[in-house]
Amino acid sequence: MSDSTVTEQEGRAHTAVPEPVTGEGEQGLVRRLRSPGRPRLWFEILLIAASYWTYSLVRNAVPEQKAGALRNADWLWSLEHQLGIAVEVSINHTVNSVTWLIVSMNYYYATLHFVVTIGVLVWLYRWHPGRYAATRLVLFATTGVALLGYYLFPLAPPRLMNGRRFVDTVSVHHTWGSMASGDLKHMSNQYAAMPSMHIGWSLWCGLTIFALTTVPWVRVLGLLYPATTLLVIVSTANHFWLDAVGGVLCLTFGFALARLWYGSLPYALPRLAPRARAPLPSEA
């Protein structure tokens with residue numbers, strides 16, 4: 001065999017080995033993660049269950065700094081007086097005087113927070129799968145950043161303040177309406193009132209319903225839900241007005257993160273997620 005033949009064979013052997021493409025796999029993975037995909041039911045159930053369990057665990061693991069929480073409540077109450085919005089006592093007493101109304105609000109506070117949120121998630125999964133992951137990210141990011149508030153700014157709810165004449169409506173009417181009242185108070189951190197996730201979650205639900213449904217009366221209900229929730233959290237003395245502002249700020253962070261990750265607001269994404277493309281023979 002001649003030297004030229006050996007050289008040609010070595011050259012062919014050299015060119016047969018493809019050059020590695022550095023970072024192509026990582027870029028492809030990130031691209032897929034940032035593209036709306038079809039949600040998997042089993043994964044979503046596990047993810048939501050694990051996330052809520054983690055949220056509850058972390059929230060309740062924050063030390064119950066009673067003295068600091070009461071000082072912060074006094075400071076916040078003073079700030080609301082300076083802003084001219086400290087009318088929570090009047091609302092609390094007025095609504096509490098109507099027994100059927102305040103009892104209904106106690107149960108509203110205890111149940112709809114979870115029922116409506118889960119219902120909206122199921123509706124998104126079924127009818128808007130292309131928007132599901134991005135909208136879910138908003139909710140998860142909102143809830144995650146709220147944990148920082150509970151840790152950095154422990155806050156007593158109005159009903160636990162000393163000498164402020166707030167009525168703890170759950171205790172007075174002997175209803176089941178708060179994990180932080182009555183016999184259930186030892187199961188939840190009582191001093192995690194800022195920010196209000198009742199507002200964060202209800203506003204997430206309301207905006208989602210308003211943005212994605214076309215039925216006028218359903219859109220109106222979507223907007224009424226967070227507005228009613230705001231009245232409920234104040235009437236039952238579970239939150240201050242400014243706790244609600246904290247919930248709105250957390251939700252704003254959630255939307256900003258989803259916008260940054262997906263390159264679009266969740267509601268502007270396609271309603272139906274594209275099906276995964278089968279690999280070509282050359283890509284297998």
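Helix H9 (residues 197-212) and helix H10 (residues 216-235) pack with their axes 7 Å apart and at an angle of about 170°, where axes are lines fitted to C-alpha atoms, for helices over the stretch in contact, and angles run from 0 to 180 degrees between N-to-C directions. H9 and H10 are therefore roughly antiparallel to each other, a term for angles over 145 degrees. Helices here are DSSP runs of H or I with at least four residues, numbered from the N terminus. This is a predicted model, in which local features need pLDDT of at least 70 and side-chain atom pairs count only at pLDDT 80 or more, while totals for chains, interfaces and linings use all residues. Residues are numbered from 1 along each chain as its sequence is written, and side-chain values use heavy atoms, with hydrogens and water left out.

In the contact (heavy atoms within 4.5 Å), residues of H9 including His198, Leu203 and Phe210 meet residues of H10, among them Val218, Arg219 and Tyr225. Arg219 also lies over the face of Phe210, at 4.0 Å from the ring centre, and the charged end of Arg136 sits over the ring of Phe140, 5.8 Å from its centre; the criterion is NZ of Lys or CZ of Arg within 6 Å of the ring centre and within 35 degrees of the ring normal.

The whole structure holds seven aromatic pairs, defined by rings of Phe, Tyr and Trp (its six-membered ring) with centres within 6.5 Å, where planes under 30 degrees apart count as stacked, over 60 as edge-to-face and the rest as tilted. Two of these pairs are tabulated below.

| Pair | Centre to centre | Angle between planes | Class |
|---|---|---|---|
| Trp77 and Phe240 | 6.0 Å | 40° | tilted |
| Tyr125 and Tyr132 | 5.8 Å | 85° | edge-to-face |

Trp77 lies in helix H4 (residues 66-83) and Phe240 in the loop between H10 and helix H11 (241-262), so their pair ties together parts that are 163 residues apart in sequence. Ring pairs link Trp77, Phe166 and Phe240 into a cluster. Trp77 is buried at 7% relative accessible area, as is Phe240 at 0%; buried means under 20%, exposed over 50% and partly exposed in between (1.4 Å probe, protein chains only). Tyr125 is partly exposed at 25%, whereas Tyr132 is buried at 2%.

Some backbone features remain. The peptide bond from Met194 to Pro195 is cis, with omega near 0°, and Pro195 is found in the loop between helix H8 (169-173) and H9. His174, in the loop between H8 and H9, has a positive phi near 55° and is exposed at 71% relative accessibility.

Note on methods
Helix = DSSP H or I, 4+ residues; strand = E, 2+ residues; numbered from the N terminus. Parallel < 35°, antiparallel > 145°, perpendicular 65-115°, else oblique.
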